[in-house]
Amino acid sequence: MKKIAVLISGSGSNLEAIANACNKKKIDGEISCVISNNSQAYGIERAKKLNLKSIIVDHNLFNDRSEFDDQIDKILVEEKIELVVLAGFMRILEKKITDKYFGRMINLHPSLLPLYPGLNTHKKVIKNKDNKHGVSIHYVSPELDAGPIIAQGSIKVKKNETAEDLQKRIHKIEHILLPEVINEICIGNIFLSNNSVKFKNKNITNHIINSYDE
Ligand code: GRF
């Protein structure tokens, strides 16, 4: 069973989806700790209810990004973490730590990357009148939201849909796809080799673009 750390900054609904999947043995791994840079994150409450160890590393208490990253790294080492999942973690990590964990750190991003790295993805989709939207899960590299893509889930944007509507539908996909990908990584079916994502079991290449249209 792989030891997983989930890093959050906010609501933590994805954290809860991962924890539920672990409890139901749908993930061959366990959440060893939850780390939040935000002491007010609702995800901390969720972690408590789920009996998960949570640690707050408030970025405001550090002189710079590097010191903050070093503290995160210290915890990951102490907890013997094998897979780091950024699930709504809203801090940019510097190259030193992303290089160290390359291939062992994944991020969930609410867009069909390479479209819309960064913030406000749902609003951008509406503004640009896109007819497709989705989520991406990728290995973390030093460039923001740009590491090798593991899996994506897409939806068709409906007429008159708002950014809030999209956010709700995107969350539903995330709660399905992220635990699936984590399990495939835990059992060794998905891994990174020479900068590219490898799939041991041919069937799971289907994950790459899954359509979640009703
Ligand atoms: C998700 O939509 C994720 O894609 C984005 O932040 C959101 C986190 O949601 N990076 P939650 O905190 O898991 O509810």
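This is a predicted model: local features need pLDDT of at least 70, side-chain atom pairs count only at pLDDT 80 or more; totals for chains, interfaces and linings use all residues.
Let's start with the helices. Two packed helices are described by the angle between their axes and the distance between the axes. Here the pair is helix H1, covering residues 13-23, and helix H6, covering residues 163-186. Their axes lie 9 Å apart and meet at an angle of about 45°. That angle makes H1 oblique to H6, and the crossing of H1 past H6 is right-handed.

Which residues of H1 and H6 meet? From H1 come Ser13, Asn14, Ala17, Ile18 and Ala21. Facing them in H6 are His171, Glu174, His175, Leu178, Pro179 and Ile182. Sorted by class, this contact of H1 with H6 holds 6 nonpolar, 4 polar and 1 charged residues.

| Residue | Atom in the residue | Ligand atom | Distance |
|---|---|---|---|
| Ser11 | side-chain N or O | oxygen | 3.3 Å |
| Ser13 | polar side-chain atom | oxygen | 2.5 Å |
| Leu108 | polar backbone atom | nitrogen | 3.3 Å |

Finally, two loops deserve a look. Where is Pro114? Pro114 sits in the loop between strand E5 (105-109) and helix H5 (121-127). The peptide bond leading from Leu113 to Pro114 is cis, and its omega is near 10°. In another loop, between helix H2 (42-49) and strand E3 (54-56), you will find Asn51. Asn51 is a residue other than glycine with a positive phi, near 60°.

Note on methods: Residues are numbered from 1 along each chain as its sequence is written. Side-chain values use heavy atoms; hydrogens and water are left out. Axes are lines fitted to C-alpha atoms, for helices over the stretch in contact, and angles run from 0 to 180 degrees between N-to-C directions. Helices (H or I, at least four residues) and strands (E, at least two) are DSSP runs, numbered from the N terminus. Angles under 35 degrees count as roughly parallel, over 145 as roughly antiparallel, 65 to 115 as roughly perpendicular and the rest as oblique. A crossing is left-handed if the near helix is turned anticlockwise from the far one by less than a right angle, and right-handed if clockwise. Contact means heavy atoms within 4.5 Å. Ala, Val, Leu, Ile, Met, Phe, Trp, Tyr, Cys and Pro count as nonpolar, Asp, Glu, Lys and Arg as charged, and the others, Gly among them, as polar. A polar contact is a pair of N or O atoms within 3.5 Å; within protein, one must be able to donate a hydrogen and the other to accept it, and residues adjacent in sequence count only if both atoms are side-chain atoms.
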